[in-house]
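Subject: Handover of a structure

Dear colleague,

Please find below the structure that I am handing over to you. A summary of the findings follows it.

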Amino acid sequence: MGCSSSVPDRSSGRSTGLNNGENSEGPDAKNLRVKLVLLGDSGVGKSCIVLRFVRGQFDPTSKVTVGASFLSQTIALQDSTTVKFEIWDTAGQERYAALAPLYYRGAGVAVIVYDITSPESFAKAQYWVKELQKHGSPGIVMALVGNKADLQEKREVQVQDGTDYAEKNGMFFIETSAKTADNINQLFEEIAKRLPRPSSS
Amino acid sequence: MTKLFASVFASLPDDVKHDEQLSEKMALVQQFVRPENLDIKPTFQNETSWLLAQKELQKINMYKAPRDKLVFILNCCKVINNLLLNASIASNKNPPGADDFLPVLIYVTIKANPQFHSNLLYIQRYRRQSRLVSEAAYFFTNMLSAEAFISNLDGLSNQINQIAGQDQREPTESRHHTLKEDHAVRPKSSEGKRLSKEDQSSLTKIASISQLENRGATMLLEDHRMSNVFREYPYMFAHAGDFTINDVEDLLNNYKQLVFKYVCLLKGSDGASAAFPLSRSQAQPGQHVETVEKSEDDRAIVQNFGSQKDTDREDDGPNGISYQESTKPDFPKEEAAASSEHNHDDTSEQ
């Protein structure tokens, strides 16, 4: 193998086994591929949302075979485009916050998750929104997600607070429950609709 | 690529230097870092299985092609993922996400201590970009962030102190740990901020105490007879196996004296300590670490033996020691250090 990092990519036919093979197909207007980064405090259920999205609709009892930190899932939209999400989970603990830029670099979508029973996690979510506005890729699609909506009786962050904040910052807002699978698919479908389409080609 | 390897891998002096620094740091950190320092949940703590992941990561140096190196990184990540997954299934917890994965990866990396920086740069430079996408890109990014995290463990003198101190406090305080340590590991946070999370009992005084502690540790380092100072304390260099049941009472007495002394000093320092200059408190971070570590080890042993009742003792140790010295701000030299310790010991025995 050569030092080919600068050589134009002609790799479509070649498979090195390291790759999952799906990458040979470049993005076009009908088949989008997008990097989605998940941000939010630890324990808000980031990975549960993704697992629900990727596996939930098939068989909730199936034993997962790989970790949930990286997953990909393709969805088809009504206008017959498909969107393949490559979902990058991030560590939510405070001490790892400084590492997040490595993950959201080049991301097309950021999903910022908080827990409706935890005002701290909502504050943390707002921190991430500001952070992304400052340092995220321009034109990044952001979604604010209030998770654990099934825990109504323990709710501490009102729907209105989430809606208001999202509106102010031009984000899409939704409350989900990874436990009951409420709104999970809607979340990703809505994101897919909001993705900027390649204008030509 | 294999032919070029010798001339392109870690060929820049800067890279080599960076490698060495990083490797030294990991060698240092790996001696005392514990899974809970990195927020690894107890469910997922399984150091023996992590050896597998470490082995994978260490293989990175056996191969020359960027692709092979990347393969071992991915293997290491897969091993970790599988272990986490098994643990989560076994304990009926949520499946592991990045919250659980990254800390373990950092831990494994610290323990494996590969020639890290050069390997990552090499992959970044020579692995075909179109191949470094998707899952490979994700796990590679995790590696990069592990490197960034480890390189940022800077200004170690203060932080290790705290990390190590926290190590041995009660697990019930774990939330408290987490908060404090977050600040400790993040290089930017100011000392005051970090310390504001310190011991509840001494919120207002602790900043100056820790400055004193740093001063004291710096002095100890300049003191070539450092170990003599600690000899004054009979259990400082003891091992758990050396103890007999009779020592328990003795230890407990020592402990009570130490606590009493420390609390008195803490109270007394309130006014006096404010006057002490700070200038030397940050000096020689690398070496400071060694002292702290050393005493930490010994105290850990003592604690293991002494079991639950004296959870505070560890914290008292270094503070107490450095404090004694710093009560003499214009502290002359090593003899004085030794003698002051000695005196102190005597008085406490009365």
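In this predicted model, both A:Tyr96 and B:Phe149 are buried. The model holds 15 aromatic pairs over all chains. Because A:Tyr96 sits in the loop between β3 (82-89) and α2 (100-104) of chain A, while B:Phe149 belongs to helix α7 (residues 134-151) of chain B, the pair joins two chains.

Ring pairs also form a cluster, which links A:Phe70, A:Trp88, A:Tyr103, B:Phe101, B:Tyr138 and B:Phe139.

As to chain A as a whole, five helices and six strands make up its secondary structure, in the order β-α-β-β-α-β-α-β-α-β-α along the sequence. Of its 201 residues, 51% are buried.

Towards the end of that pattern, strand β5 (residues 141-147) of chain A runs parallel to β6(A), and four bridges join the two. One bridge partner in β6(A) is A:Glu175, which pairs with A:Gly146. Together with helix α4 (residues 159-168) of chain A, β5(A) and β6(A) form a right-handed β-α-β unit. From strand β6 (residues 172-175) of chain A, A:Phe172 and A:Ile174 point one way and A:Phe173 and A:Glu175 the other; all are buried.

Yours sincerely

Terms used: Residues numbered from 1 in each chain as written. Chains lettered and ligands numbered in written order. Predicted model: local features only at pLDDT ≥ 70, side-chain atom pairs only at ≥ 80, totals over all residues. Heavy atoms only, no water. Buried < 20%, exposed > 50% of the residue type's maximum accessible area, 1.4 Å probe, protein only. Pairing = 2+ DSSP bridges. Right-handed = clockwise from strand over helix to strand, strands pointing away. Phe/Tyr/Trp six-rings, centres within 6.5 Å; stacked < 30°, edge-to-face > 60°.
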